[in-house]
Amino acid sequence: MRSITRLAIFLLFPVAINAQTNKMSHEQLPKMTVHTANQLAALPLKCLDLQYPYKTGIVFADSTLLGAPSSYHPAFYGCFDWHSSVHGHWMLVRLLKMYPDMERAAEIRSRLAQHLSAANIQTELQLFKSKENKSFERIYGWSWLLQLQRELLTWNDPLGKELSRNVQPLASHFAASYIDFLGKLMYPIRVGEHTNLAFGLCLAWDYAQTTHDQALQTAIHDAAMRFYAKDKNAPIEWEPGGYDFLSPSLEEADLMRRIMPEKEYRPWLYAFLPGLFKNPITILQPGQVKDRTDGKLVHLDGLNLSRTWCLEAIARHGGKNQQAIQALANKHLLTSFPQIASGDYAGEHWLASFAVYLLTAEQQ
């Protein structure tokens, strides 16, 4: 795991960047501390049991599912939508593992136990088994659920063991669904939002490795090589799209570093993102948000955070221009990190999860 001394969070006070040199000192960068964890955890805790406003994406085959979100999503009904609730649960588990004595630890444990009960997960599972909703939350929500289960399985705590047993049926369903889906998918999904295939496969791959799910690993490996191994000259200058919170190009690079041996990955990376290794700072600028009350426009804060973790991985594994690429990552980080607690629900219900994923990223 990344050294926890690398970053200091200033959720309410932006950190200045030297506009001429585009550099900042080591001390200026945010880092994960127990104080940071307490601040970030407060955001999903505000909405974990908040049913409205809610954006559903299910298909109503008849009137049986009509009702409050908690009736058909008893585990993941808060935080505006299903996937945001899932990764809100994930980040709380992640932080609790790192800081078991954090301020609201007892409350977090209680609410996790309440939400992730065996009965609740079984109700969730039945919806995904229905014909009309078998593709609900594919790809993003499936992948975050697998990441949540991975976090629970690696939590050496009685509660973690209990909750992982409860969640496993849903995780197993998604793993099998992924294998089936990838076997039928003819083309990659290169978008900057929830259905981005590469990001989803990153999370699914990490779950498969942790659980030694060879069938899922094989399905992901084969799909990644089929879709991406021959890619060259990614049009990264076309990015970002106005609603993006994921970079299609950088997420693909982040996936392929998992799939390819390094001796194959580096030549592929240089051919795929040649401009990034010539002049990183000019080819990619952070996304700019003009209205953080707009749920789509605020996606670009998430884009800057997700670009950061991809660029940091490229700096570690790319073998060239490490300092320049890391500087570009830092620039993205400092553009949006201070905006996580914006005061508006449009961003606050989900951005903290991206921040935790970034600040606690494993050094793979």
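Modeller: Happy to! Let's start where A198, F199, L201, C202, W205 and D206 in helix 8 meet E251, E252, D254, L255, R258 and I259 in helix 10; contact means heavy atoms within 4.5 Å. Those residues divide into seven nonpolar, no polar and five charged, where Ala, Val, Leu, Ile, Met, Phe, Trp, Tyr, Cys and Pro count as nonpolar, Asp, Glu, Lys and Arg as charged, and the others, Gly among them, as polar. This is a predicted model, in which local features need pLDDT of at least 70 and side-chain atom pairs count only at pLDDT 80 or more, while totals for chains, interfaces and linings use all residues. Residues are numbered from 1 along each chain as its sequence is written, and side-chain values use heavy atoms, with hydrogens and water left out.

Helices are DSSP runs (H or I, at least four residues), numbered from the N terminus. Helix 8 and helix 10 (residues 248-259) pack with their axes 8 Å apart, at an angle of about 30°; axes are lines fitted to C-alpha atoms over the stretch in contact, and angles run from 0 to 180 degrees between N-to-C directions. Helix 8 is therefore roughly parallel to helix 10, a label for angles under 35 degrees.

Now the other neighbour: the axes of helix 7 (residues 158-184) and helix 8 (residues 197-211) come within 12 Å and cross at roughly 130°. Here Q168, A171, A175, Y178 and L182 of helix 7 touch L197, G200, L201, A204 and Y207 of helix 8. That contact has eight nonpolar, two polar and no charged residues.

Technical notes:
Helices (H or I, at least four residues) and strands (E, at least two) are DSSP runs, numbered from the N terminus. Angles under 35 degrees count as roughly parallel, over 145 as roughly antiparallel, 65 to 115 as roughly perpendicular and the rest as oblique.
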